[in-house]
Amino acid sequence: MRICRFDDDRLGLVEGAEVVDVTPALEAIAARRWPLAPGDALIANFDAVLERARALAPRAPRRALAEVRLRAPLANPSKIVNAPINYQAHIDESKRDQGIAHGREIKSIGDWGLFLKSPSSLVGPGEPIRLRFPERRNDHEVELAVVIGRTANRVRREDALACVLGYAIGLDMTLRGPEFPSFRKSIDTYSVLGPWLVTRDEIPDPNQLGLWLTVNGEPRQRSNTRHMVYGVERLIEYAASFYTLYPGDLIFTGTPEGVGPVRPGDEIRAGIEGIGEFAIRVAPEYAG
Ligand code: MN
């Protein structure tokens with residue numbers, strides 16, 4: 001099952017080149033009052049919403065995928081958890097390139113741990129990336145994004161995939177520089193999620209997926225999640241050993257080699273086997 005958010009927060013089931021508009025299924029989300037429970041309400045109520053969506057689908061309006069504006073498939077993650085240096089070839093290029101390392105000693109994910117990006121940095125592929133700081137390097141990083149489906153704390157590796165609702169393509173846009181990663185990478189629009197959410201049942205092994213990225217048609221990144229230092233299960237175990245994961249929390253699993261700069265007006269295309277692909281524009285001017 002492929003679920004998307006499109007246009008003005010409409011909910012869609014993706015079938016081939018079409019979107020089935022099942023927006024009324026969102027009424028299955030229970031009314032909430034302050035303080036809201038942490039996490040994304042769509043993901044926390046996913047089974048009820050999906051049941052309603054399936055009932056609506058046969059008579060629901062359909063739109064061509066090419067005509068809708070895709071948004072991030074979920075809106076309110078409590079955390080965007082990120083794996084740094086999780087592919088050996090990216091670790092190697094980071095050691096060679098001071099434009100990436102900025103004087104830091106590149107160690108290992110086990111030494112560095114994970115870092116968080118602000119949820120307010122999240123957009124979908126139908127919205128432009130708005131670069132800041134024209135004098136500095138802004139890089140693309142394509143990553144498998146894991147969507148957590150249930151509250152999880154201290155999860156054993158062998159139970160980790162049961163906590164996953166599904167997967168999407170993540171772009172961890174990155175301002176290079178000396179600041180801490182969570183600061184540099186939390187700029188508005190610097191976390192892209194799309195084109196839709198693919199449920200876990202469609203991805204038998206998330207640690208065996210090809211992934212790639214091009215800029216203006218030029219190949220930049222091409223690898224496979226089998227090269228991750230920490231696989232998906234170990235990343236979930238690692239994250240949940242420090243903090244509770246909530247429905248809709250995202251884990252960006254790290255980027256392979258080939259990271260590089262983008263400029264205003266560029267078009268980034270990214271794809272992951274079993275999920276799909278998207279194109280996203282870098283806005284023609286730097287954000288004011
Ligand atoms: Mn990254």
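How much area do domain 1 and domain 2 bury between them, and what share of it lies on carbon and sulfur atoms? In this predicted model, the two domains bury about 1,400 Å² between them, and 64% of that area is on carbon and sulfur atoms.

The domain assignment of the protein chain places residues 2-71 in domain 1 and residues 80-281 in domain 2. Taken over C-alpha atoms, the centres of domain 1 and domain 2 are separated by 24 Å, and the contact draws 14 residues from domain 1 and 20 residues from domain 2. Of the area that domain 1 buries against domain 2, 44% is supplied by Arg 2, Ile 43 and Leu 70, which is more than any other three residues supply.

Polar and charged pairs also join the two domains: between domain 1 and domain 2 there are two salt bridges, and six residue pairs are in polar contact, with both residues at pLDDT 80 or more. On the side of domain 1 that touches domain 2, the elements giving two or more residues are β1 (2-6), α1 (41-44) and β5 (70-71), and β1 gives the most, with three residues. Sorted by class, this side of domain 1 has nine nonpolar, one polar and four charged residues. Arg 2, already mentioned for its part in the buried area, also meets Glu 202 through its side chain in a salt bridge, at 3.6 Å from N to O.

## A network of salt bridges

The count for the model comes to 23 salt bridges, and a network of them links Asp 97, Lys 117, Arg 137, Asp 139, Glu 141, Asp 172, Arg 176 and Lys 185. Within this group, Arg 137 forms a salt bridge with Asp 97, their closest N and O atoms being 3.2 Å apart. This pair links distant parts of the chain, since Arg 137 is in the loop between β8 (122-123) and β9 (138-140) while Asp 97 is in the loop between α3 (88-96) and α4 (98-101), 40 residues apart. Arg 137 is partly exposed, with a relative accessible area of 22%, and Asp 97 is likewise partly exposed, at 27%.

The side chains of Asp 139 and Arg 176 meet in a salt bridge at 2.8 Å, N to O. Because Asp 139 lies in strand β9 and Arg 176 in the loop between β12 (174-175) and α6 (181-184), the pair ties together parts that are 37 residues apart in sequence; both Asp 139 and Arg 176 are buried. Glu 141 forms a salt bridge with Lys 185, with the closest N and O atoms 3.3 Å apart, and here again the pair links distant parts of the chain, 44 residues apart. Glu 141 is buried, with a relative accessible area of 4%, and Lys 185 is buried with a value of 4%.

## Two individual residues

Ser 223 lies in strand β15 (residues 218-224) and counts as buried because its relative accessible area is 13%, under the 20% limit. Leaving aside neighbours within four places in sequence, Ser 223 is in contact with Tyr 87, Leu 209, Gly 210, Leu 211, Pro 256 and Glu 257.

Pro 61, by contrast, is exposed, with a relative accessible area of 52%, and lies in the loop between α2 (46-56) and β4 (62-64). Not counting residues up to four places away in sequence, Pro 61 touches Val 19, Val 20 and Asp 21, whereas Pro 61 and Ala 28, 33 residues apart in sequence, are 19 Å apart in space, C-alpha to C-alpha.

Notes: Residues numbered from 1 in each chain as written. Predicted model: local features only at pLDDT ≥ 70, side-chain atom pairs only at ≥ 80, totals over all residues. Heavy atoms only, no water. Domains from an automatic or database assignment. Contact = heavy atoms within 4.5 Å. Buried area = accessible area lost by both parts, 1.4 Å probe. Salt bridge = Lys/Arg side-chain N within 4 Å of Asp/Glu carboxyl O. Polar contact = N/O pair within 3.5 Å; in protein donor to acceptor, adjacent residues only side chain to side chain. Helix = DSSP H or I, 4+ residues; strand = E, 2+ residues; numbered from the N terminus. Nonpolar A, V, L, I, M, F, W, Y, C, P; charged D, E, K, R; others polar. Buried < 20%, exposed > 50% of the residue type's maximum accessible area, 1.4 Å probe, protein only.
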